[in-house]
Amino acid sequence: MPLFGELADLVAFGDIAEAADEAGLDGVFVWDHVLSPVEGQWAIADPWVALAAAATRSRRIRLGPMVTPLPRRRLINVSQATLSLDQLSGGRVILGLGLGSDRGRELSAFGEPDNQAGRAAKLTEGAELLSRLWSGERVQHRSDAWVVDDVQVHRLDGQRRRIPIWFGCAHGSLAPARRAAGYDGIYPIDTDVEGFKRVVDAVFAQRGTLDGFDFACSAHSSIDTAPFVEAGATWLLHAFWPGNTPDQVLRFITRFTQG
């Protein structure tokens, strides 16, 4: 869900998370934006505050950003936010990561460079560094992409050593698939069945197995999801859009409570 417009009302978003939990759905995921990448003027809520609200109103659904553009964030802030949310939710966080883009001026409006190769390097290195920070390892790292100078993150007792990481992947691109293969899942966006199969094949070629790895695909009324499931999809994500309202989302959820 985009936390835009009426969906930026976090009380209403909490109602949505509670309804999804009670309906037996498996997860609620949110966009991570600071400016709008689509036409329109919208209120935009912070994803981490929204997900914290969802965590307190639910007991079983998985929660996370889908996706957080890691290159425009600070590693220590993402580490702190994810660990805090994972503790609050009882270990239900899935962290979606991606390159981000300057669509909507989310980079250039704040003086951030819009260089795709540079962002790709930051994403690859950043995911590894996040995993090391979560583990409690003392991290020493210096590169053109990131600096982490002798930092150790201390976790609460009982917290997971690593939160599952999925990667966004546009149009069946194979470079993100190879990056994701070292982690826990991938969400190919705007990809047809053939592109989805190429992503699955790329992950298998890298891992040698698909065990323990999740493939998500978009699922709405215009998409026949059966070929995606046959190709290996483990999650079907229904995508909402800016301009959708809480009532529309709740009506969608009601379809599941009614069988």
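1. Basis. The model is predicted, so local features need pLDDT of at least 70 and side-chain atom pairs count only at pLDDT 80 or more, while totals for chains, interfaces and linings use all residues. Numbering runs from 1 along each chain as its sequence is written, and side-chain values use heavy atoms, with hydrogens and water left out.

2. Sheet. Six strands make an open, parallel sheet, in the order β3-β4-β7-β8-β9-β10. Helices (H or I, at least four residues) and strands (E, at least two) are DSSP runs, numbered from the N terminus. Two strands pair if DSSP finds at least two bridges between them. The edges are β3 (68–69) and β10 (235–237); each has a single partner strand, so one side of each lacks a neighbour in the sheet. β3 pairs with β4 (residues 95–98) in the parallel sense, over two bridges. There, P69 stands opposite G98 of β4.

3. Helix α3. From first to last C-alpha it reaches 21 Å, close to the 21 Å expected at 1.5 Å a residue; the expected span is 1.5 Å times one less than the number of residues. Its buried residues include L75, V78, L83 and D86. Buried means under 20% relative accessible area, exposed over 50%, partly exposed in between (1.4 Å probe, protein chains only). The buried residues of α3 pack against α2, β2 (62–65), β4, α4 and β6; contact means heavy atoms within 4.5 Å. G90 follows α3, with a positive phi near 75°.

4. Helix α4. The 19 residues of α4 (residues 116–134) should span 27 Å, and the end C-alpha atoms are 26 Å apart, which agrees. At its start, a side-chain oxygen of N115 comes to within 3.2 Å of the backbone nitrogen of A117. R119, L123 and W134 are among the buried residues of α4. G136 follows α4, and its phi is positive, near 90°.

5. Salt bridges. The structure holds twelve. The criterion is a side-chain nitrogen of Lys or Arg within 4 Å of a carboxyl oxygen of Asp or Glu. R57 and E18 meet at 2.6 Å, N to O. This pair links the loop between α2 and β2 to helix α1 (residues 10–23), 39 residues apart. R57 is partly exposed at 29% relative accessibility, and E18 is partly exposed at 28%.

6. A buried pair. R72 and E106 form a salt bridge, with the closest N and O atoms 3.5 Å apart. R72 lies in the loop between β3 and α3, E106 in the loop between β4 and α4. R72 is buried at 17% relative accessibility. E106 is buried at 4%.

7. H33. This residue sits in the loop between β1 (27–30) and α2 (47–56). Is H33 buried or exposed? At 19% relative accessibility, H33 counts as buried. Its side chain makes a polar contact with that of E106, at 2.8 Å. Such a contact is a pair of N or O atoms within 3.5 Å; within protein, one must be able to donate a hydrogen and the other to accept it, and residues adjacent in sequence count only if both atoms are side-chain atoms. Beyond four places in sequence, H33 touches F4, I44, R72 and E106.

8. Cysteines. The whole structure has zero disulfides, defined as cysteine sulfur atoms within 2.5 Å. The sulfur of C217 is 13 Å from the closest cysteine sulfur, in C169, too far for a bond. C169 is buried, at 1% relative accessible area. C217 is buried too, at 2%.
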